Amino acid sequence: MIVVEHLSKSYGAKKAVDDLSFTVTPGRVTGFLGPNGSGKSTTMRCMLGLDRPDSGTATFDGHAYGDFDRPLAQVGSLLDAGDAHKGRSARNHLRWIAMTHGFPTSRVDEVLQMVGMSEVAKTKVGKFSLGMRQRLGLATALLGDPKVVILDEPANGLDPEGIRWTRDVMRHLADEGKSVLVSSHQLVELSLVADDLVVIGQGKLISSGPISQFMTEHAKTWVRVVSPQLDALITLATQRGATVERTREGADFSAITAMELGDLAANNGVVLHELSPQTGSLEQAFLEATDTAVEYRGERTNNVWEAPRP
Amino acid sequence: MMGVLRSELFKLRTTRATKLVLGTAVVLPSIIFVLTSIFGFSSGEISNSLIAAVAESSALVGLLMGVVGVLCSTQEYSQGTIRITLVATPQRYKVLLAKLFTVVIVSIGATASLIALSLIPSGIILQSREIDFEIVGSDIRILFSMFILITMLSLLGLFLGLLFKSSPGAISALLLWPTIIEGLVFGLLTLAFDDNVFRFAPIQGNGFSLTNEFRSPDDNSWLLSLGYFSAFVAVFVILGTVFFSRRDA
């Protein structure tokens with residue numbers, strides 16, 4: 001289990017991580033979400049002892065990362081796929097890491113096979129695509145068969161097959177009882193694999209808990225209605241405080257439940273062809289939750305092809 | 001700790017730049033010396049000791065080994081492997097010690113190889129021509145000084161690398177300090193003082209002079225030169241250690 005408690009880290013006057021606390025439980029995939037510059041990578045670096053936090057702690061089964069004699073057997077991490085010497089072969093890259101822990105070379109060959117890189121084991125890293133480097137990074141994380149796996153954007157640069165493979169690997173690791181913390185901007189992918197979510201914005205915790213809880217709290221819900229007497233229903237619903245947005249086929253009703261809307265239609269003799277509760281996507285919920293915490297964003301224009309005015 | 005040391009030695013062995021510089025540091029002076037033996041000593045007796053002649057290349061070899069030291073640390077930052085290094089070994093003092101021992105081991109190995117590659121073929125050539133050469137009393141000191149100078153310059157490179165984090169910066173500092181900066185500073189000081197101020201130049205006046213066969217009366221003694229040069233290197237060792245230990249990766 002990973003426990004992060006009151007973690008804070010500043011760079012000069014800028015607070016990158018601000019009193020952040022969350023837990024990652026074994027056997028579950030925990031998605032780590034936040035807009036660009038929200039402090040996800042800094043948090044991960046602090047957890048792994050690469051950056052020194054100003055205050056707070058991060059522990060793995062009760063131990064700080066720096067206390068482990070053989071940390072790769074406890075925590076596997078992929079922070080940046082580019083963290084490999086371009087002039088070394090994939091196998092030699094893993095060999096020097098394995099040597100620090102006395103892992104045999106056979107383990108290196110094993111993880112290369114696991115990530116599907118046996119055939120390019122002797123190819124220099126500089127010749128790899130970003131996707132191949134991601135696979136090598138994943139092999140590095142899995143080298144010590146760790147109990148905890150921390151992955152920063154593991155699906156970056158992967159093709160659809162690679163993305164699905166990464167998802168399966170994460171699921172498999174969690175099913176083996178490992179704690180998996182994964183940051184990703186690919187929210188659709190994350191929604192398919194994550195059990196829990198930790199969402200941060202400007203270094204602060206926005207939400208932490210099961211993904212279903214996050215969706216309940218932040219995802220937009222509405223009721224889709226198709227009816228030949230839509231005008232009548234809109235009048236009745238707006239009198240009850242509902243907000244309505246017309247669509248091509250009908251209308252979307254907010255601030256009213258499907259049950260209330262059904263009762264209203266039945267009591268007033270309004271015929272309904274469709275009455276279906278709708279829930280927004282993880283992406284919409286994420287944008288909703290982090291709207292006030294976005295630090296860097298493009299100028300919003302009606303025409304996406306229109307260049308922002310100076 | 002042994003695992004980390006093995007890993008550092010392996011890292012050094014598996015990068016082209018370090019192999020190239022290391023090879024140049026050992027092979028180039030050896031070839032030059034052997035060629036000198038072939039074409040330079042045709043008859044008679046060699047005026048100074050053969051080892052002293054080999055030792056004349058120590059400054060060049062030392063600076064090249066300093067570049068190896070620089071690469072040992074800066075490549076980690078330029079290639080991003082420092083993060084993996086510190087994730088695999090979070091105790092930074094272990095990483096630092098492993099790098100230090102790696103550089104010392106490689107420097108000693110390179111110096112020994114240089115001496116062997118220079119002396120053995122040259123000795124055979126000279127003997128075949130019945131040219132007299134002898135091992136004189138000061139040879140042991142010169143040999144010892146070669147090991148010290150080359151190892152210290154390698155360490156200077158390593159810690160300059162840890163300080164600068166970039167190869168161009170650290171290599172420039174390593175090469176410009178003895179070749180230009182010391183020359184300019186102490187050259188100007190010579191105008192102001194009658195004394196031999198070059199004996200205060202840490203690398204040129206003391207480090208490089210360690211391997212000199214003969215010392216003039218106004219030079220520092222060998223021991224004083226060693227102490228002065230060691231203190232100069234120690235400053236960078238301390239600075240590099242402090243920065244490496246405290247800096248975010």
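Predicted model: local features only at pLDDT ≥ 70, side-chain atom pairs only at ≥ 80, totals over all residues.
Visitor: Against which elements do the buried residues of α5(B) pack?

Guide: The partners come from both chains. In chain A they are β6 (75-78), α2 (90-101) and α4 (130-142); in chain B they are α4 (58-78) and α6 (92-128).

Visitor: Why is α5(B) described as largely enclosed by the rest of the structure?

Guide: The general idea is a neighbour count: a residue is buried if 20 or more other C-beta atoms lie within 10 Å of its own. Helix α5 of chain B covers residues 81-88, and seven of its eight residues are buried, so the rest of the structure largely encloses this helix. The buried residues are Thr81(B), Ile82(B), Ile84(B), Thr85(B), Leu86(B), Val87(B) and Ala88(B).

Visitor: How many residues of each chain take part in the contacts between chains A and B?

Guide: The size of an interface is often given as the accessible area lost when the parts come together. Here residues are counted instead: 29 of chain A are in contact with 23 of chain B. On the chain A side, α2(A) gives the most, with seven residues. By class, that side has eleven nonpolar, eleven polar and seven charged residues.

Visitor: What does the radius of gyration of chain B agree with?

Guide: A compact globule of 249 residues would have a value near 18 Å, and chain B, at 19 Å, agrees with this. The C-alpha trace spans about 60 × 50 × 25 Å along its principal axes.

Visitor: Which residues of chain B does the "transmembrane region" annotation cover?

Guide: According to the unreviewed UniProt entry, the annotation covers residues 20-44, 50-74, 95-120, 140-164, 171-193 and 222-244 of chain B. Two of these spans can be compared with the model. Residues 140-164 are 100% helix and 0% strand, with the end C-alpha atoms 36 Å apart. Residues 171-193 are 96% helix and 0% strand, and their end C-alpha atoms lie 31 Å apart.

Visitor: In chain A, where is confidence lowest and where is it highest?

Guide: Confidence is expressed as pLDDT, and its mean over chain A is 88, with 94% of the residues at 70 or more. Helix α10(A), residues 282-290, is lowest at a mean of 79, while α2(A) is highest at 95. Over residues 304-310 of chain A, pLDDT stays under 50, and the model has four contacts for them beyond four places in sequence.

Visitor: How do strands β9 and β10 of chain A run, and how many bridges join them?

Guide: In a regular strand the side chains alternate between the two faces of the sheet. In this case β9(A), residues 196-201, and β10(A), residues 204-210, run antiparallel and are joined by six bridges. Ile200(A) has Leu205(A) in β10(A) as its bridge partner. The hairpin has two residues between the strands, and Gln202(A) takes a positive phi near 50°.

Visitor: Is Asn268(A) buried or exposed?

Guide: Asn268(A) is exposed, with 12 other C-beta atoms within 10 Å. This residue lies in the loop between α9 (258-267) and β14 (274-279) of chain A. Beyond its neighbours within four places in sequence, Asn268(A) is in contact with Ala232(A) and Leu236(A). Leu236(A) is 32 residues away in sequence and 8.8 Å away in space, C-alpha to C-alpha.

How values were computed. Residues numbered from 1 in each chain as written. Chains lettered and ligands numbered in written order. Helix = DSSP H or I, 4+ residues; strand = E, 2+ residues; numbered from the N terminus. Contact = placed C-beta atoms within 7 Å. Nonpolar A, V, L, I, M, F, W, Y, C, P; charged D, E, K, R; others polar. Rg over C-alpha atoms; globule rule 2.2 N^0.38 Å. pLDDT = per-residue confidence, 0-100. UniProt positions renumbered as here; feature names shortened; annotations may be inferred. Pairing = 2+ DSSP bridges.
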